[in-house]
Amino acid sequence: MERIIDWNAYIEQWSRATAHLQSIQSYHVKGNPAPNLSELKLEASTGFFFILTRGEIEIRMSDKIYRCRAPYIFHGGADNNMSFVVPNDNQEWDGYLVLYTAAAASSEDQGNLALFYGFTPNAMLPIQEKCEAMGALLKSSESLERLQAQSIFLSMVYGVLSQKLQTLAQPEHTKINIVTDAIKYIKANYMESITAEKLAGRYDCSTSYLSRLFRNQIGLGPIEYLIHERIHRAKQLLLKSDARIQDVASKVGYADVYYFSRLFKKHTGRSPLQFRAEYQQAAQVQNNPLHGLESSIVSPPFDSHNENESYYQLSEEGDTSMFRFSRPAFGAMMVLCTSLILSACQASNSTGGAAAAQEPASQTATATKSNSAAAETRVYKHLKGETAIPVHPQRVVSFFHLGELIALGVKPVGTTTYVLDNPHISDKTGITDIGIPPDAEKILSLQPDLIVTTPALAEIVEGGYDALSKIAPTIVIEQNNEPIKDIEMFGDILGKQEEAKQWNEKFTAKIAEYKAKISPYVRADETFSILNVRPDALFVYGDTNMGGNIIYKYLGLKPAAKVESDVIHGETWEVSSEVIPEFIGDRLFLAVNKGAEDKLKDVQKLVDASPAGKSGHVYSIDFDQFLPSDPIAVEKQLDIITDLIIGDGK
């Protein structure tokens, strides 16, 4: 549908243009006729966005027909050879036709603005919400509200183009990282009314599933992270202005100033006024060495939490107690600021950007010599570009991959709180807890020579990847949850290629040995399932974690038919009690979370009546032990699973 487009140039043309929203037509009734552009008599300067939110519609251009399925966004201009057609008169479809006029900075730009293009957005809901808001505001008789509609239109254009760039940056057949995208959304909209339900609706998933993703990737629930972001923004406003407390509260999303003050004190240990007064007092005497100074501009880390603990899932934010009180040294903060400023003046150790993010992490590196020391460095390609890293890093801060480092004999100097909770790693001496979200001051104080992070964890650090890369060489890698692949990757990162090869060979041999061990006890046609019972949800696991990678990938055991079709090859994770029997095979691994006793009673009869229940092949596994998917955890989980199967057969 679209020719090759220089999207950066196109966006630049939009930034120079003067655009005016004309009208919006909405379609929300069964049997809607397709928009008729010829009846609208579009002028040469008129453009349109067609936002398809449900159903299918055909776009016909000259002799070509494009069938578009929701969610879909199409942009075009005046063209007598283009039309919309509903394939079936009885089909239900919803959408919006947004008409605008645009005056470009030049005649060349004017023609380019009318480009025809279409794509499937990653998140339709925010675009849809803007369309609804513009439609309501345009109907108002108040000039101020109609002006607001114009401002929302430009915001919608920004949303459309930013999502188009996201789709271009994604490798083919891959999806966006929901957590990373949700974090960006929270950072941009923290002042708005955000609920767990609204966030989940953006990605067409349940609130419990979204919380599961958040906790798995950053150790926090989405609403907990929202609170962190709001408190951090409130601190900045308190320190950078003399705004009234009620104005600060409103700016960060709290209409009730008393609630905001209580929440602020609960999470920082001080009221907003006390926080501002202490900072002002510290600023007055910061050059006096006789005074011990404190600052709290850096948000304190959260307490350690894992998926097994109760988490917030209500519509509203609630009054949680997730912050650990701390008052970092003002001097450390100044060192951090100085370091960032000096680093910014030096040659960057990273190149590339959004385009490089399309390429997988490379295992090929070139060795160079550092100008400042004799330490060898080499260029490593990762999700954020290319970065010069030590050939043999000595002081590594890893935000997520603790087990991979330990398995290769490398103990990091720092890692995040929830990763340190891994029950399979016993010796954690010498590893500093850098908090969650990670604390930049702590990371700086550890003097790392390499920082390794995942995309989501990089996002929640204030300043993101750029701030981290000013502290030390920083690489961003995927959270694969595949031990063999991860060990090989970290063998390359750490200069431990031989150790990685030996670990993988040993693990592969162990898998072969254990497959032979269980073979006499398992029929070839027997099927397996993994069920997790939580206080408010039921999850069926596939082949990635909770023992699924071991059972299905490594041991080669057969998943129940519904597990294979809907979970492993589908997008089903959370299920209702009524359909549980469809997912339970001949053998069931059952993980029951603390506090889920009542929920278990609801499904116990269904489990007992299943093939696994009738044959007595229901194995209880510990949720906390089976949650991690690092190499050390997977080895121990392999032992447990094998012992359960063999012990059951004796």
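**Salt bridges and their surroundings**

Modeller: Arg 270 is buried, its relative accessible area being 4% (buried means under 20%, exposed over 50%, and partly exposed in between, with a 1.4 Å probe and protein chains only). The model is predicted, so local features need pLDDT of at least 70 and side-chain atom pairs count only at pLDDT 80 or more, whereas totals for chains, interfaces and linings use all residues. Residues are numbered from 1 along each chain as its sequence is written, and side-chain values use heavy atoms, with hydrogens and water left out.

Arg 270 pairs with Glu 278 in a salt bridge whose closest N and O atoms are 2.9 Å apart (a side-chain nitrogen of Lys or Arg within 4 Å of a carboxyl oxygen of Asp or Glu).

Elsewhere, Glu 513 and Lys 517 form a salt bridge at 3.7 Å, N to O. These two residues lie about one helical turn apart because four positions separate them in helix H20 (residues 497-518); helices are DSSP runs of H or I with at least four residues, numbered from the N terminus. Glu 513 is partly exposed at 43%, as is Lys 517 at 38%.

Lys 496 and Glu 499 form another bridge, with 3.9 Å between the closest N and O atoms. Lys 496 has a relative accessible area of 23% and is partly exposed; Glu 499, with 34%, is partly exposed too.

Finally, a network of salt bridges links Arg 523, Asp 525, Glu 526 and Arg 587. The count of salt bridges comes to 22.
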